Amino acid sequence: MFNYILRRLLVSIPILIGITVIVFFIASQMPGDAVLAMISTDTPQAEDLVKLRRGQLGLDLPIYEQYGRWVGQLLHGNLGFSFQSGESVISVIAARLPATLELMGVALIIAIILGVFLGVVSALKQYSWLDYSFTFFGFAGISIPDFFLGMVLVYVFSIELGLLPSSGISTAGNAFSLSDNLRHLILPAFALGLARTASFMRYTRASVLEVMNNDYVRTARAKGLGERLVTTRHILRNALIPVVTVIGITLPTLFGGAVIIEVIFQWAGIGLMFINAVTGRDSPVIMGYVLLSAVIVLASNLITDIMYSVLDPRIRYD
Amino acid sequence: MNSLVGSEALIQVRDLKVHFPIRRGLLKRQVGAVRAVDGVSFDVRRGETLGLVGESGCGKSTTGLAMLRLLDVTSGSIIFKDHDLASLDQTELRESRRHMQMVFQDPYSSLNPRMTVGSIIIEPLNVHKIGAPGERRERTQELMKLVGLNPSFINRYPHEFSGGQRQRIGIARALATNPSLIVADEPISALDVSIQAQVVNLMADLRKDLGLTFLMISHDLSMVRYISDRVAVMYLGRIVELGDRDPVFDTPRHPYTRALLSAIPTPNPKLERTRKRIILQGDVPNPSNPPAGCHFHPRCPLATSICKEAAPLLRNLSSTVSQSDTPHFAACHHA
């Protein structure tokens, strides 16, 4: 097991290198650059200023040399400095990450609790009206894009009903308080979580149905177990293994989905930071975000695989 | 073998029917029913092995499952220890489960892949609170030894065992509650031929040593002949012939039984060449719409007009068979 994890970690190094190379070169092909985004061409002596600034930021070097400098910094544990603000990228990310993790975490909890619960009910009551209506909402949930759902939620709960704030992570001007923060969190977390709720529900339902028809469930009944024990001990324990994988695979999409939700709700997380960095052609920040998301994807895949072997005794890695 | 068999019935099945509704349309109206088991009556005597044979889809597995109320019974009664299992509520049913257990066909899907062998076998002991909690693990190891498994494998998972070993686990699990009746639903058909004999012999030995009663459901006629005291033959949801093993195999009375038995190959090639086979025409009719009268008449070489109209009752023909004085039933107008 230890060897397996070590091998997976080693394999992820070339993957990370590949991802950063590709993104670095694609990002450099975007029209304009950080200097042009900051300095208007109407400025007197614009050309000289632009040249000077480009020289300071190293943007006049060939692209492979720029990448080399970035990797060189990275190996010293430095992600560089934002072109826009001059702050170190690590501290920018560190300041923004908690808000994103809060959003992702709550969205994920909503999705798991609701999705698994509804999926189990749906399967145990297969072909009932309950099952059909859950299935209908499930398809609706999978089909509706996050951003649209987000806007609908804002329209209904903020604009029409006036119950919840529509943007920000806390009320501006007030001292930060957790309850205020959570009130702001509700809408974006649901907007991000509901689409995943629907997919978790579908997977749970399918998985429970598959397990329900296994002989060992019948065996459990033949042993004289009550229905509750049959359901919890024999059906759910087996049915939830594949659901764990789906949850693991969902983590990266949750991270990506957070970008859009953060923009809609002006949630000051890492996604909003990334969008601002892209408009400002702030490549150190862009690269920092990309590196972080690549690490998240690789880590969640690894964690999923490890969870799998913990949950399912038939799976052993060596 | 027969000395072990009393004449007292351990379980009496009377006019058992299991119909599966066919629902169609938007409102899921019932438009018909698959009559998987359509009026079956028989006794299983204490200490005997009753073989239940028939081709795929004839309702033999459904009969076995319904007898243990693992399927809902449409009508009929199953008298076991003075109770009618067909009308017990869930709590009473759970209690009665300890006296009757099942060995399933597929040793791969019938064991929970996430439980160790030990926890699979010990679970019924915990459910029914059999023995002191501390002794149950010891009992589990005894059971493993009894079925020929190494007791030190108690913490292994089912996937670490071969098919034959898994079926032994299934048998140990079934034995855990000290049941008096074991329904074995095609217990060897999923196993390699080389393993089949071992498992059959294990079951025969256990029956002798523990005084068990077996209902052996199978389409393997040679195995049934080897292990059974009596044999019941099913066709399309009904029993067509029932009697002691040798009379049924040697002098079958029902034309379907004759056809079925003629399909057993003989190991001697010379005899095999001259062996006469009765080839039935057509397929088994759809059990949702069985033929009127005798279910077998469209394929029967002896069928006459009465067979199309009246369903033959299972009647005792032993008086007309001189070689045996034990009852030999067949449901045929021409037997």
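**Entry 1: the two domains of chain A**

I opened with chain A, whose domain assignment lists domain 1 (2–75) and domain 2 (95–311). This is a predicted model, so I keep that in mind throughout my notes. I looked up how far apart the two domains of chain A sit, and their C-alpha centres are separated by 33 Å.

Next I checked the contact between them. Domain 1 of chain A puts 15 residues in contact with 11 residues of domain 2 of chain A. On the domain 1 side, I find helix 1 (2–28) and helix 2 (34–38) of chain A as the elements giving two or more residues. Helix 1 of chain A gives the most there, with 9 residues. I also sorted that side by class: 10 residues are nonpolar, 3 are polar and 2 are charged.

**Entry 2: where chain B meets chain A**

I then turned to the contact between the chains, which takes 21 residues from chain B and 17 residues from chain A. On the chain B side, strand 6 and helix 3 (117–127) of chain B are the elements that give two or more residues. Which element gives the most to this side? I find that helix 3 of chain B does, with 3 residues. By class, I count 9 nonpolar, 6 polar and 6 charged residues on the side of chain B that touches chain A.

**Entry 3: the sheet of chain B**

I traced an open sheet of 8 strands in chain B, with mixed pairing and the order 6-7-8-3-9-10-12-11. At its edges I find strand 6 (100–103) and strand 11 (315–316) of chain B, each pairing on one side only.

I stayed a while with strand 3 of chain B. Strand 3 runs parallel to strand 8 of chain B, and 5 bridges join the two. I picked out one bridge partner here: B:Leu52 goes with B:Ile217 in strand 8 of chain B. Strand 3 also pairs in the parallel sense with strand 9 (residues 230–235) of chain B, over 4 bridges. There I noted B:Val233 in strand 9 as the bridge partner of B:Val53.

Is strand 3 of chain B mostly covered or mostly open? I find it mostly covered, with 5 of its 5 residues buried.

**Entry 4: helix 6 of chain B**

My last stop was helix 6 (residues 193–210) of chain B, which has 18 residues. I compared its reach from first C-alpha to last, 26 Å, with the expected span, and found it close to the 26 Å expected at 1.5 Å a residue.

Which residues of helix 6 of chain B are buried? I listed B:Val199, B:Val200, B:Met203 and B:Arg207. Looking down the helix axis, I see these buried residues fall within an arc of 100°, so they line one face of helix 6. On the other side of the helix, B:Ser194, B:Asn201, B:Lys208 and B:Asp209 are exposed.

I also looked up what covers the buried residues of helix 6. The cover includes strand 3 (49–53), strand 7 (181–185) and strand 8 (213–218) of chain B, along with helix 5 (163–175) and helix 7 (221–227) of chain B. Finally, I noted that helix 6 of chain B is followed by B:Gly211, with a positive phi near 65°.

Terms used
Residues are numbered from 1 along each chain as its sequence is written. Chains are lettered from A and ligands numbered from 1 in the order in which they are written. This is a predicted model: local features need pLDDT of at least 70, side-chain atom pairs count only at pLDDT 80 or more; totals for chains, interfaces and linings use all residues. The expected span of a helix is 1.5 Å times one less than its number of residues. A residue is buried if 20 or more other C-beta atoms lie within 10 Å of its own, exposed if 12 or fewer, and partly exposed in between; C-beta atoms are placed from the backbone. The arc is that of the directions from the helix axis to the C-beta atoms. Two residues are in contact if their C-beta atoms, placed from the backbone, lie within 7 Å. Two strands pair if DSSP finds at least two bridges between them. Ala, Val, Leu, Ile, Met, Phe, Trp, Tyr, Cys and Pro count as nonpolar, Asp, Glu, Lys and Arg as charged, and the others, Gly among them, as polar. Domain bounds come from an automatic or database domain assignment.
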